[in-house]
Amino acid sequence: MILKNMEHHNDNLKNALAKLPSFQPSDFIWKEIERNLNEAPLQNVLKSLPTREPEDFVWENIENKINGANKRNNVWWYAAAMILTIGFTGYLFNASKADSDISYSQEVVDTRLQTRTEPVTDQEYAKLVSYCEAETVVCNDKNFKRLKQEYETLRSATQQLQKAMGNYNTEPELTRQFTMVEQEKAEVLNEMAKMI
């Protein structure tokens, strides 16, 4: 969160600085500044400033810090180079080995998930309809026609489910739905049989 705020403020600062108007002074101003810096009074004051040489231990500390940082950086570069080399070597080894590996697997079809091409209920329905055609009184009954229409709708639903399942059904949910529709078809078929 703090890092996000800092980035936001940095962006705001960059945007504000970019919007500031730029100004380029004329050449004569730079020449005047240079002339004033070279005047004798300023040069005399600069010469009278005291010079101070730091102690030897200060220079040693600076040198040690520079060398220590270089040594630490060298260790990180060495470690990174080793990791990269090992990774590349491992990749080449596995790539050459992968070409020679051959594997296969065998899938077993779960027969419980497969459906018959023509359900038994449809065969029984065909028998019932053929009998119904001989007995025209029952076929003309309003309730019988309603049950026949309901059965046809359920049969259409089972056909759609069989298409969705395909040759190799791998989804138990489709099998469950298929079974439920088949049970409903059997109930409707029983009611139709009772009327005959």
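**View 1. Helix α5 packing against helix α7.** Here the axes of α5 (residues 120-134) and α7 (residues 142-165) come within 12 Å of each other and cross at roughly 150°. Axes are lines fitted to C-alpha atoms, for helices over the stretch in contact, with angles running from 0 to 180 degrees between N-to-C directions. Helices are DSSP runs of H or I with at least four residues, numbered from the N terminus. That crossing makes α5 roughly antiparallel to α7 (the label for angles over 145 degrees). This is a predicted model, where local features need pLDDT of at least 70 and side-chain atom pairs count only at pLDDT 80 or more, while totals for chains, interfaces and linings use all residues. Residues are numbered from 1 along each chain as its sequence is written, and side-chain values use heavy atoms, leaving out hydrogens and water.

**View 2. Who touches whom between α5 and α7.** From α5, the contact (heavy atoms within 4.5 Å) uses Thr121, Asp122, Tyr125 and Cys132. From α7 come Phe144, Lys148, Tyr151, Glu152 and Arg155.

**View 3. Helix α8 and its buried side.** Running over residues 172-195, α8 has 24 residues and reaches 35 Å from first C-alpha to last, close to the 34 Å expected at 1.5 Å a residue. Its buried residues (under 20% relative accessible area, 1.4 Å probe, protein chains only) are Leu174, Thr175, Phe178, Val181, Glu182, Lys185, Val188, Leu189 and Met192. What covers them includes α5 and α7.

**View 4. Stepping back to the whole chain.** The protein chain has eight helices and zero strands. Of its 196 residues, 15% are buried.

Notes
Helices (H or I, at least four residues) and strands (E, at least two) are DSSP runs, numbered from the N terminus. Angles under 35 degrees count as roughly parallel, over 145 as roughly antiparallel, 65 to 115 as roughly perpendicular and the rest as oblique. The expected span of a helix is 1.5 Å times one less than its number of residues. Buried means under 20% relative accessible area, exposed over 50%, partly exposed in between (1.4 Å probe, protein chains only).
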